[in-house]
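The exercises below go with the structure shown next. Work through each task before reading its solution.

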Amino acid sequence: MQQRRLGPTDRSVSAIGLGTWQLGAGWGDVTEVDADAVLAASVESGVTLFDTADVYGDGRSETSIGRFLAARSDHGVTVATKMGRRLEQEPQNYTPENFRSWTERSRRNLGVDTLDLVQLHCPPTAVIEDDATYDALDDLIASGAIAAYGVSVETAAQALAAIARPRVANVQIILNPFRLKPLDEVLPAAEAAGVAIFARVPLASGLLSGRYTAETSFAPDDHRTYNRHGEAFDRGETFSGVDYTTGLEAARRLAAALPDGVSLPAAALAWTASQRGVTSVIPGARSAEQARANADAAELIGTPELADFSRAVTSVYDDLLRADIHPHW
């Protein structure tokens with residue numbers, strides 16, 4: 001597994017990481033046994049980045065990770081968590097006091113004294129642009145509560161605002177064959193500033209798995225059921241904001257450009273990880289088999305086998321998706 005420098009820190013993380021939203025909640029039921037199997041398969045496959053958040057299952061994801069890693073003192077995993085969505089998304093809630101409270105809770109959940117990396121969890125734009133935000137984060141580093149900080153964002157403009165801050169270690173943004181806008185300005189700016197990029201929702205909530213059809217249904221507590229139109233949170237987090245039917249057709253056309261023996265999810269993950277400026281791609285997994293398949297996609301990064309697929313990504317985006325994607329994404 002290729003390891004890449006985590007921005008200005010002294011850490012390196014795997015080109016394919018693991019997103020752990022599904023280990024908490026929002027994707028239907030995932031048992032603790034399943035969670036341990038996913039984490040173990042990922043580590044065994046060379047994954048050294050787990051991305052989580054304090055609101056995933058109200059701390060369940062963090063707790064599962066903490067318990068798993070506590071039994072493996074030589075795990076070598078960097079845990080990136082997120083904070084800021086335990087209260088209403090109002091700028092006045094992003095206070096130093098709340099930052100301390102949130103990070104203290106995550107430290108307990110993960111069983112560590114110092115959090116490896118804390119990201120603001122898609123906060124309002126005003127928070128990203130406020131000097132006081134970064135003063136408070138710097139204080140957390142000075143106190144030893146966190147080792148580094150970053151920002152998870154919804155829009156390219158938010159990403160650019162965060163990248164401009166001198167101590168931001170990473171920016172997390174949706175990037176996949178359905179969401180290409182970050183390629184224009186965000187990735188070049190991050191590379192120039194030495195800021196890491198985590199690409200989330202790399203399989204467009206499963207649309208890029210190639211397994212879904214018009215008849216596919218999801219559990220009532222799965223965000224792919226209750227948030228298709230942004231009813232609960234930003235629409236871009238579900239199917240990358242793409243209309244489901246349009247996404248099915250886009251996935252079909254991309255699958256037609258695959259080389260023999262390469263699956264659509266593997267190509268999508270490798271294509272995303274191959275983009276200059278991307279540090280790590282963080283797909284989720286609900287089973288050990290999925291976790292291993294995700295990690296194995298790293299073998300395709302930068303290979304000639306992806307040439308036809310890369311051309312298809314541009315063609316499909318221009319033909320089907322560009323007009324359907326919100327211009328800020």
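**Exercise 1.** Which helix gives the most to the lining of the second largest pocket, and with how many residues?

*Solution.* The model is a predicted one. Begin with the pocket itself, whose volume is about 210 Å³. Next, list the residues that line the second largest pocket: Leu180, Lys181, Leu183, Asp184, Trp271, Val313, Thr314, Tyr317, Arg322, Ile325, His326 and Pro327. Helix 12 spans residues 307-321 and contributes the most to this lining, with three residues.

**Exercise 2.** Sort the lining of the second largest pocket into nonpolar, polar and charged residues.

*Solution.* Seven residues of the lining are nonpolar, two are polar and three are charged.

**Exercise 3.** Which residues of strand 7 point one way, and which the other way?

*Solution.* In a regular strand, side chains alternate between the two faces of the sheet. Strand 7 covers residues 149-152. Tyr149 and Val151 point one way, while Gly150 and Ser152 point the other way. All of these residues are buried, that is, under 20% relative accessible area.

**Exercise 4.** Which strands does strand 7 pair with, and in what sense?

*Solution.* Step one: strand 6 (residues 117-121) pairs with strand 7 in the parallel sense, over four bridges. Within this pairing, Leu120 has Val151 as its bridge partner. Step two: strand 7 and strand 8 (residues 168-174) run parallel and are joined by four bridges. Here Gly150 has Asn170 as its bridge partner. Step three: follow the chain from strand 7 through helix 6 (residues 156-163) to strand 8, a β-α-β crossover that is right-handed.

Terms used. Residues are numbered from 1 along each chain as its sequence is written. This is a predicted model: local features need pLDDT of at least 70, side-chain atom pairs count only at pLDDT 80 or more; totals for chains, interfaces and linings use all residues. Side-chain values use heavy atoms; hydrogens and water are left out. On a 1 Å grid over the protein atoms alone, a cavity is a set of points where a 1.4 Å probe fits but cannot get out, and a pocket is an open set with protein on both sides within 12 Å along at least five of seven lines; lining residues have an atom within 4 Å of a point. Grid points are joined across faces, edges and corners, and a volume is the space filled by probe spheres set on the points. Helices (H or I, at least four residues) and strands (E, at least two) are DSSP runs, numbered from the N terminus. Ala, Val, Leu, Ile, Met, Phe, Trp, Tyr, Cys and Pro count as nonpolar, Asp, Glu, Lys and Arg as charged, and the others, Gly among them, as polar. Buried means under 20% relative accessible area, exposed over 50%, partly exposed in between (1.4 Å probe, protein chains only). Two strands pair if DSSP finds at least two bridges between them. A crossover is right-handed if, with the strands pointing away from the viewer, the path from the first strand over the helix to the second runs clockwise.
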